[in-house]
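Hi everyone, thanks for coming. I'd like to walk you through a structure today, so please have a look at the screen.

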Amino acid sequence: MRFSDYLYEVRAVLLVCFAGGLFFTLILAAFGMGAAQLVLLWISFCLILFPTLACCWRKKHRRLSYLSDAFQALEPKYLLAEIADAPDSALEQAYFGLLRAALKSMTDQVAVSERQAREYREFLEQWVHEIKLPVTGIQLLCENNRTDVTRKILAQTQRIEQDVEKVLFYARLGSAEKDYLIREVSLRDCVMDVLARNRQLLIESGASVHTDVPHTVRSDPRQLSFLLTQIISNSLKYRSERSPVLDIVSRDCGGHIELTVTDNGIGIRPSELPRIFDKGFVGSNGRGAGARPASAATGMGLYLCARLCERLGIGIRAESDWNESASLRLYFPGDMDGRMS
């Protein structure tokens, strides 16, 4: 609070003081008091008034500075009223009483919301694990009874499995770091495992895959498999009329390992490229301009990839030639120590 702001705040008191001083000056002048004595009285009046105002302003200023510093250092912020010093006046006591009552109501509501969110997340995780059982059962039945129909069913169950995994990763996004297990991961083994688990989708799409991934990185194999699954799924979803071709290559760039997944699909419009990692963004491809009719975009796949890369300390970038190809690049640092969120 500036001194000028404080003077504006107490302007009514100042007006009353000066009006009273002027009134008594006129009375004293009427009784014959000289100008020198009146000037002396006004000087005395100002010497008493303005130091008093300055002391009051300094006290309020120091108090506001203390509250501001306490607020900046406080977590959570809504507990400020609990650490504030005692109010000076009856009006402040009334204000603080109302403030504390309002903040208590808010903290109670926050606690209820957090509990409900935790229960919902736990239910969602439990449901995901339960739904995996019938999906696995369907896959086993189809594997043991190979026909054209069961192959199509397998492809659909793999899509269901991907969506279920997406739900699980989203539910755990706020506390996913608890599930991390960082270790040396062979990119070749990880890529081959992902391709094997999605082989029916690749076969159904008529895709051919070329791999050259001899490098090893430090990461969480489960999270990395999820990233690659989402990237490959997007490549198949937004394929062109040509037979899909995926190139998965890695190279050592000195300080980091770069893993690139390139497809020959419809690509991404240049105007939409900066937004593809935004939550819920589907673009013109996802709205049907380029995606095949069976493809339903939610805008969550690449968003989850970006969030997981952020937590794992992996860089991610997209490049595209419209109507020609699209590339997703993952940048693995040479040392993952100290990069966990």
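Let me begin with a term: two strands count as paired if DSSP finds at least two bridges between them. One caution as well: this is a predicted model.

Five strands form an open sheet in the order E2-E4-E5-E7-E6, and the pairing is mixed. At the edges sit strand E2 (208-212) and strand E6 (315-321), each of which pairs on one side only. From one strand to the next, the twist averages 15 degrees.

For E6 and E7, the sense is antiparallel, over seven bridges.

Let's move to the core. The largest nonpolar core has 45 residues, and Leu224, Leu228, Leu330 and Phe332 touch the most other members. Several elements supply at least two residues each, including helix H6 (148-171), helix H9 (221-237), strand E5 (256-263) and strand E7 (325-333). Which element gives the most? That is H11, with eight residues.

Setting aside neighbours within four places in sequence, Leu228 is in contact with Cys190, Val191, Val194, Leu259, Val261 and Leu330. Apart from this core lies another, of five residues, among them Tyr6, Val10, Leu14 and Leu53.

Next, a closer look at H6. This helix has 24 residues and reaches 35 Å from its first C-alpha to its last, close to the 34 Å expected at 1.5 Å a residue. Its buried residues include Leu154, Val164, Leu168 and Phe169, but also Gln158, Glu165 and Lys166. Among the elements covering the buried residues of H6 are helix H5 (90-144), H7 and H11.

Last stop: Ser205, in helix H8. Is Ser205 buried or exposed? Its relative accessible area is 11%, and the cut-off for buried is under 20%, so Ser205 is buried. The side chain of Ser205 reaches the backbone oxygen of Leu201 at 2.8 Å. Not counting residues up to four places away in sequence, Ser205 touches Leu236, Arg239 and Pro244.

That's my tour, and I'm happy to go back to any part of it.

Terms used: Residues numbered from 1 in each chain as written. Predicted model: local features only at pLDDT ≥ 70, side-chain atom pairs only at ≥ 80, totals over all residues. Heavy atoms only, no water. Core = buried A, V, L, I, M, F, W, Y, C linked by side-chain atoms within 4.5 Å. Buried < 20%, exposed > 50% of the residue type's maximum accessible area, 1.4 Å probe, protein only. Helix = DSSP H or I, 4+ residues; strand = E, 2+ residues; numbered from the N terminus. Contact = heavy atoms within 4.5 Å. Axes fitted to C-alpha atoms, helices over the stretch in contact; angles between N-to-C directions. Polar contact = N/O pair within 3.5 Å; in protein donor to acceptor, adjacent residues only side chain to side chain. Expected span 1.5 Å × (residues − 1).
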